[in-house]
Structure formats: structure tokens, C-alpha cells
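Visitor: I have this model open and would like to go through it. Can we start with the sheets and then move to the helices?

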Amino acid sequence: MGTAPTQCPSGITANFHAKFDNRTEFSSSSFPSTLNLAKLSIHPNSKGLVNRLGSLPDIDDLFWEKVPTPILDVVESPVHLKSLSIKELKLLADEIRSELSSTMSKTQRSFKASLAAVELTIALHYVFHAPVDKILWDAGEQTYAHKILTGRRFLMPTLRQKNGLSGYTSRAESEYDPFGAGHGCNSISAGLGMAVARDIKGKRERVVTVINNTTTMAGQVYEAMSNAGYLDSNLVVILNDSRHSLHPKIEEGPKTSINVLSSTLSRLQSSKSFRKFREAAKDVTKKIGKGMHELAAKVDEYARGMMGPPGSTLFEELGLYYIGPVDGHNIEDLICVLQEVASLDSMGPVLIHVITEENQGSEADQKRGTVELQQEGLSLNGFYAFSNGDSCKTYSDCLVAALIMEAEKDKDIVVVHAGMEMDPSLKLFQERFSDRFFDVGMAEQHAVTFSAGLSCGGLKPFCIIPSAFLQRAYDQVVHDVDRQSIPVRFVITSAGLVGSDGPLQCGAFDITFMSCLPNMIVMAASDEDELMNMVTTAAQIDDRPVCFRYPRGALVRTNYPIRDRNALEIGTGKVVVEGKDVALLGYGAMVQNCFKAQSLLSKLGISVTVADARFCKPLDTKLLRQLCSNHDILITVEEGSVGGFGSHVAQFIALDGQLDGRLKWRPIVLPDNYIEHASPGEQLALAGLTGHHIAATALSLLGRTREALLLMC
């Protein structure tokens with residue numbers, strides 16, 4: 001690599017000879033006073049990241065004890081990969097894997113998917129010319145190596161932190177991210193759109209999309225593939241097959257093998273001469289006649305199906321040319337196949353089947369990451385770990401405990417789960433009632449209609465879906481459930497703000513889109529006690545659909561005892577604290593912040609009533625009239641978008657004439673913008689939903705503006 005000093009992405013000069021005893025050392029004077037955005041490969045219009053410059057990690061965090069990475073240290077952008085040899089690329093893969101293990105183990109997030117995709121990421125950036133060529137990813141968890149290679153290496157310690165890097169691809173973050181990774185399954189659709197736009201505009205850039213096992217559970221993937229096959233635009237789809245299956249029984253079966261023969265066949269399938277011969281053969285059969293052409297196409301398809309693994313003909317039926325399987329950890333094979341595909345001027349849509357291992361990397365790195373996550377009480381998918389003791393630790397623990405109690409009493413109760421990851425708590429229910437638990441993965445639309453079918457068959461389904469994922473199944477909620485008044489019990493998890501997962505998994509809209517449905521009963525739990533009561537309540541509703549939400553994270557009270565529950569009377573809230581000056585009506589988890597506001601206001605001599613609405617639909621109109629008649633000020637608080645609980649309250653009190661007199665009413669909701677990743681407390685502050693914000697609103701309505709300002713200082 002030479003002995004000359006090498007310029008690092010952030011402008012740091014370092015000599016990577018052995019003079020530092022295998023450790024790179026810097027002084028604070030080595031850092032520039034300003035960050036060079038060009039060297040960080042940040043898109044010039046990326047205002048979001050420009051505003052984040054103050055969040056660069058401290059020097060002590062930036063240069064932790066780690067093995068030297070001489071090759072990675074000279075890779076400032078993907079263009080620098082082009083000059084590396086295959087041997088150097090292999091060493092680079094090891095260095096990136098080591099870097100990821102060192103960095104990500106400190107962030108308390110799972111990074112297995114990115115470890116598995118290191119060689120694939122290197123090969124993609126070696127062969128293609130991003131950002132001119134477009135590389136799209138379905139899942140953010142696979143993209144950490146991509147971020148490192150595209151100028152964001154030294155910002156990786158800020159991943160998912162306030163003003164730090166996003167955990168997903170982001171158009172606002174880098175020009176190397178042409179499309180934001182959503183909840184999976186969107187990359188082929190977006191990539192096909194870019195490919196068609198390219199063709200219409202007469203451009204020549206390549207479009208590559210990377211999908212994985214989890215996203216292949218979603219129907220949009222196959223809709224996009226079918227359309228890609230029909231349009232026949234040049235598009236490369238890479239299936240990163242990490243051999244992870246939703247169902248353990250499938251994993252126990254035979255796995256796709258990688259050997260010398262399959263490697264050779266993959267190279268043959270992708271070769272230009274083979275493709276040209278194949279196209280020439282097609283032209284000949286077309287000239288002979290339609291029947292011969294169709295017969296030859298079938299022979300070709302089945303012959304190639306014999307060459308590929310089981311299931312490869314599915315992609316051929318959808319119109320994609322299948323290549324694979326390819327060893328996802330053999331850089332030489334990956335580059336060979338990708339170069340052949342990239343060299344073809346007219347190829348149509350191609351699917352390259354790449355086999356990777358999520359446990360790729362040193363055993364020490366894997367153990368270190370797992371131990372540090374477990375010490376923080378976190379599971380490897382970012383959720384709080386489940387306690388197998390006699391008490392609950394999280395809301396999900398309480399949910400499962402209540403479901404088990406109800407399922408033991410009623411054999412008709414079943415659970416359907418959909419989403420990217422299953423909370424560890426649910427595994428306890430799965431173990432106890434294996435024949436009454438259905439995990440459908442990222443198939444939310446199917447989960448909703450499947451639950452409706454279960455209900456029509458005489459069962460009592462609880463359909464558990466995170467708030468952000470329920471959005472994808474809204475059409476099924478409307479037509480397959482609510483319009484027919486089928487009693488499906490929707491358990492909406494991860495409701496409200498979700499901290500480091502930012503806007504991508506934020507549950508901001510479920511109150512609004514569920515409460516506008518005519519037949520839906522809509523509830524929200526203010527604490528673990530109410531959550532367990534709502535499970536019992538939902539189990540007893542058999543004439544209409546019902547939903548209830550709860551937030552991600554720990555309980556209000558730790559070590560909550562498990563006991564039998566009582567069903568709530570439909571449409572009834574409760575007054576928790578009596579007062580006379582101000583009424584705070586909280587919905588769901590925001591009741592806890594109303595308590596905090598009440599405590600602050602009581603110190604200022606203000607008597608506050610705190611009420612738990614429980615129901616958004618039907619509203620407790622008796623409670624609302626009581627609060628309006630006994631107070632001059634009413635404030636509603638919810639962790640949801642405009643159009644939710646506060647809007648329902650406004651509709652009622654306006655029509656009821658409560659706003660015609662002395663009453664002052666103010667709603668506090670999530671702001672009309674997406675709140676970026678940060679800690680839960682930081683997000684609540686940004687949203688204006690803390691106890692201090694609620695108390696300041698009350699003081700302002702009381703005319704005590706100066707005290708309100710002081711409270712927010």
C-alpha cells in the first residue's frame with residue numbers, strides 16, 4: 001500500500017506503516033475545524049446531514065481499540081475500490097467486518113445482516129458506478145457496509161442517534177442512497193420505475209436492487225417482478241439469501257448448496273456468449289413458427305430449472321432471467337457474475353441468487369455483540385428482552401401474559417402475527433399454543449384477511465401488527481373486516497414514537513385511520529394494567545372489530561404482577577386525579593405525561609384533573625361533559641397525528657355546544673412532520689409531548705405566560 005501518508009475521509013492524515021504498533025494514533029490537532037462534506041460523499045443538497053455536523057462523535061468514541069484497517073482507511077468512496085486487487089478486496093471485507101463488529105456492538109443494534117452482505121456490497125460497488133448507477137436496498141439492516149464505503153464511515157457511531165446517521169438508506173443523507181428503504185419489498189418497484197424513466201430519457205445507467213428472505217414474504221415483490229418481466233427493462237435484482245426462514249421446520253430441510261458445479265453454472269448463465277447464443281436461438285424459433293418458439297421457451301425454462309435450485313423457475317415464470325446460486329462470500333465469483341451482467345446492453349430483468357451466511361465473521365465478534373446487547377436488556381432485533389420469571393418487564397410481556405390467560409380459558413382464541421420481526425415475548429405464547437399461533441412475516445395484508453377468515457370460521461383471532469406495518473394492510477382492514485363488521489381484534493404494537501427507528505417505524509397514524517372506520521372500537525392503554533384489561537375486553541367482543549394500541553418499551557411499573565382481569569365497559573374512561581382549574585384528558589401512554597404535568601402545575605398552586613380516556617371510539621361523552629362543565633380549561637393529549645383522538649373530542653364538544661361558553665380547549669398531538677431518530681425522551685421533546693410542554697400549555701391558557709416560558713427553559 002506504500003508508505004506515503006494517506007488522506008482519510010474526514011481530512012485526517014495518517015501513516016499506516018507499522019510505526020504505531022498496529023494502532024493508529026491521532027492528536028486532537030489532527031482534526032479539521034470544519035468537516036469536508038465532499039470527502040464524506042454527502043449530496044450537496046442533503047440539508048438534513050449538513051445540520052447534523054454537530055453530532056460527530058468524540059475522539060475517544062471515534063478511535064476505539066481495534067485492529068488496524070489499512071485498506072479501508074484509504075477507501076474514501078466506491079471509486080477507490082476499482083484499483084484494488086481481488087486479494088486486497090478480500091482483506092477489505094475482513095476489515096469492514098471487523099469495523100462493523102467494533103462499531104455496531106456499541107450501538108445495541110443487530111448487525112448480522114450487514115455482516116452477511118459485506119462481500120456482496122464490495123462487489124456491487126466494484127462493478128457498478130454509483131451514484132450514477134443506482135443501487136437500491138430493501139432492508140436497512142443490510143446497508144451498514146454500504147454506508148461505510150460511501151463516505152459515512154466516521155459517522156457510523158452516530159447511527160440511529162439524534163442528528164446522526166439513519167439506520168436505513170436515506171435520500172437526504174447521501175447521493176449513494178437513490179431511494180429510502182421502507183419496511184422492505186419496495187426496492188424492485190422503485191428500481192423498475194427508475195429503469196423505465198432511464199429508458200424514456202435515453203440514458204444508460206444500471207439499476208440494481210437488493211432484496212432478502214424476509215422481504216420475499218411480501219406480495220409487492222412479486223407484483224414488481226411480474227411487471228418487470230412484462231416491461232422487459234434492464235434491471236438487476238439480487239436475492240441475498242441468508243438461509244433465514246420464518247418457519248423452523250423449513251430450516252431443518254435441505255438448503256441450497258454452493259459447490260464448484262453451481263459456481264461454474266452461474267458464471268456460464270451470466271456470460272455474454274451464453275446469453276447471446278440463447279437470444280439467437282430464440283430468434284430462430286420465432287422464425288420457424290409460434291408453436292416451436294413457445295415449445296423452445298418451455299424447454300429452455302425447464303432445462304435452466306434443472307440447472308438451478310428448487311424454486312428458480314418461479315422467477316423465470318415471472319419473466320426474470322435466473323442466475324445462481326452464487327456464493328455470496330466469494331468475491332471473485334460475485335465480481336465475475338456482476339461484470340458479465342453489467343456488460344450486456346440489452347438483457348431485460350435478471351435475478352441473481354446469492355447465498356450468504358448471517359453468522360459470517362469471527363466468533364469473538366459475534367459473542368461480543370451478543371453479550372453487550374444482552375447486558376443492556378435488549379434482544380438482537382432491537383426489542384426489550386422477555387423475562388421468563390413471574391413478572392412482566394415490558395408492555396409486550398403483559399400482552400402475552402394476558403393472551404395466555406385468555407387462551408387457557410377459551411380454546412377459540414388464536415394469535416396471528418405480521419411484521420419484520422417477532423417480539424421475543426410472543427415466543428412464549430407460540431410455545432404454549434403452537435397450533436393456535438400463526439406468524440406470517442411481512443404479509444400484513446394476508447394477516448388481516450386471514451384473521452377475518454379465522455373469525456368467520458368461529459375462532460377469536462388477535463391480529464398483532466406494529467402500527468407502521470398496519471398501514472400496508474389498510475384496504476383489508478376497511479373492506480375485509482370493518483365493512484363486514486367481522487370481529488377481528490387488532491393489537492397495534494410500537495404505537496407512537498419509536499426512538500432510534502425514527503420515522504420509518506413510527507406509529508403516528510393508527511389512531512386517525514382506525515377511528516374513522518364506522519364499526520371499529522378503538523382503545524389505547526395508558527399503562528400495563530389497562531393493557532391487560534383491554535385484552536380481556538377484546539376477547540369478549542364478538543359482534544364487531546376492535547383495536548387497541550400500546551407503545552414500545554418498558555412498563556410504567558417494573559415487575560408488574562400477573563393476575564386475572566376484568567373487561568372494561570365499552571366507551572368509558574375514568575378520572576384518575578381530581579382537580580378544579582385545568583382538565584388534562586390523556587389518551588394511551590400520554591396519560592403518564594399528564595401525571596408529570598399535573599405534578600409540575602401543583603407546585604405552582606394549580607389544581608389539575610387527570611383523566612384517562614381509554615376509548616377514542618366510542619367516546620365517553622358523559623366524562624367529556626363532566627370535564628367541560630367543571631373546568632375552564634380542557635387539554636387533550638395523544639401520541640398520534642392530527643385527525644385522531646383530539647379531532648373526535650373536538651367534533652363532539654363543538655356539536656354539543658361546549659365551545660359556546662367559557663371553555664378553552666387545546667389539543668396536543670404529534671407535529672405535522674416526521675420526527676427523525678433519537679432517544680425516546682429526545683423525540684418526545686421534539687414533538688412537544690413532555691410533561692413540561694403540557695404544563696406550559698396550561699399555564700399559557702391561564703394567562704401565566706412568563707411561568708410557561710420559565711418552565712420550558
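Predicted model: local features only at pLDDT ≥ 70, side-chain atom pairs only at ≥ 80, totals over all residues.

Visitor: Which residue stands opposite D241 in strand 7?

Guide: I355 of strand 7 stands opposite D241.

Visitor: What packs on the sheet at strand 5, strand 6 and strand 7?

Guide: Helix 14 (residues 331-343) does, touching strand 5, strand 6 and strand 7. The direction of helix 14 makes about 160° with that of strand 6. Helix 5 (residues 118-127) lies across strand 3, strand 4 (207-212), strand 5 and strand 7. Helix 5 runs at about 160° to strand 3.

Visitor: What is the strand order in that open sheet, and how are the strands paired?

Guide: The order is 3-4-5-7-6, an open sheet of 5 strands with parallel pairing. Its edge strands are strand 3 (134-137) and strand 6 (321-327), and each pairs on one side only. On average, neighbouring strands of this sheet are turned by 20° against each other, direction ignored.

Visitor: Where does P325 lie?

Guide: P325 lies in strand 6. The peptide bond from G324 to P325 is cis, with omega near 0°.

Visitor: And the bond that joins K617 and P618, cis or trans?

Guide: The bond between K617 and P618 is cis, with omega about 0°. P618 lies in a loop, between strand 19 (615-617) and helix 24 (621-630).

Visitor: What is the order in the sheet with mixed pairing?

Guide: That open sheet of 5 strands has the order 16-18-17-20-21. Strand 16 (574-577) and strand 21 (664-668) stand at the edges, each with a single partner strand, so one side of each has no neighbour in the sheet. Neighbouring strands here are turned by 25° against each other on average, direction ignored.

Visitor: In which sense do strand 16 and strand 18 pair?

Guide: Strand 16 and strand 18 (residues 608-612) pair in the antiparallel sense, over 3 bridges. V577 stands opposite V610 in strand 18. Helix 27 (residues 691-701) packs on this sheet and touches strand 17 (582-586), strand 20 (633-637) and strand 21. The direction of helix 27 makes about 155° with that of strand 20.

Visitor: On to helix pairs. At what angle do helix 7 and helix 8 pack?

Guide: Helix 7 (residues 187-201) and helix 8 (residues 219-231) pack at about 25°, with their axes 8 Å apart. That makes helix 7 roughly parallel to helix 8. Helix 7 passes helix 8 in a left-handed crossing.

Visitor: Which residues make the contact?

Guide: I188, S189, L192 and V196 come from helix 7. Helix 8 supplies Q220, V221, A224, M225, N227, A228 and L231. By class, the contact of helix 7 with helix 8 has 8 nonpolar, 3 polar and no charged residues.

Visitor: What about helix 3 and helix 6, parallel or perpendicular?

Guide: The axes of helix 3 (residues 86-104) and helix 6 come within 10 Å and cross at roughly 110°. Helix 3 and helix 6 are therefore roughly perpendicular to each other. L92, I96, E99, L100 and M104 in helix 3 meet Y144, A145, I148 and L149 in helix 6. That contact divides into 8 nonpolar, no polar and 1 charged.

Visitor: Where does N163 lie?

Guide: N163 lies in the loop between helix 6 (144-152) and helix 7. Its phi is near 65°, a positive value in a residue other than glycine.

Visitor: One more pair. How do helix 18 and helix 20 pack?

Guide: Helix 18 (residues 444-456) and helix 20 (residues 474-482) pack at about 10°, with their axes 9 Å apart. That makes helix 18 roughly parallel to helix 20. Q445, V448, T449 and A452 in helix 18 meet Q476, V477, D480 and V481 in helix 20. By class, this contact has 4 nonpolar, 3 polar and 1 charged residues.

Visitor: Last topic, confidence. What pLDDT does the chain average?

Guide: The chain averages a pLDDT of 81, and 74% of the residues score at least 70. Over residues 1-64 the pLDDT is below 50, and this stretch has 110 contacts in the model beyond near neighbours in sequence. Residues 295-300 also have pLDDT below 50, with 3 contacts beyond near neighbours in sequence.

How values were computed:
Residues numbered from 1 in each chain as written. Heavy atoms only, no water. Axes fitted to C-alpha atoms, helices over the stretch in contact; angles between N-to-C directions. Helix = DSSP H or I, 4+ residues; strand = E, 2+ residues; numbered from the N terminus. Parallel < 35°, antiparallel > 145°, perpendicular 65-115°, else oblique. Left-handed = near helix turned anticlockwise from the far one by under 90°. Contact = heavy atoms within 4.5 Å. Nonpolar A, V, L, I, M, F, W, Y, C, P; charged D, E, K, R; others polar. pLDDT = per-residue confidence, 0-100. Pairing = 2+ DSSP bridges.
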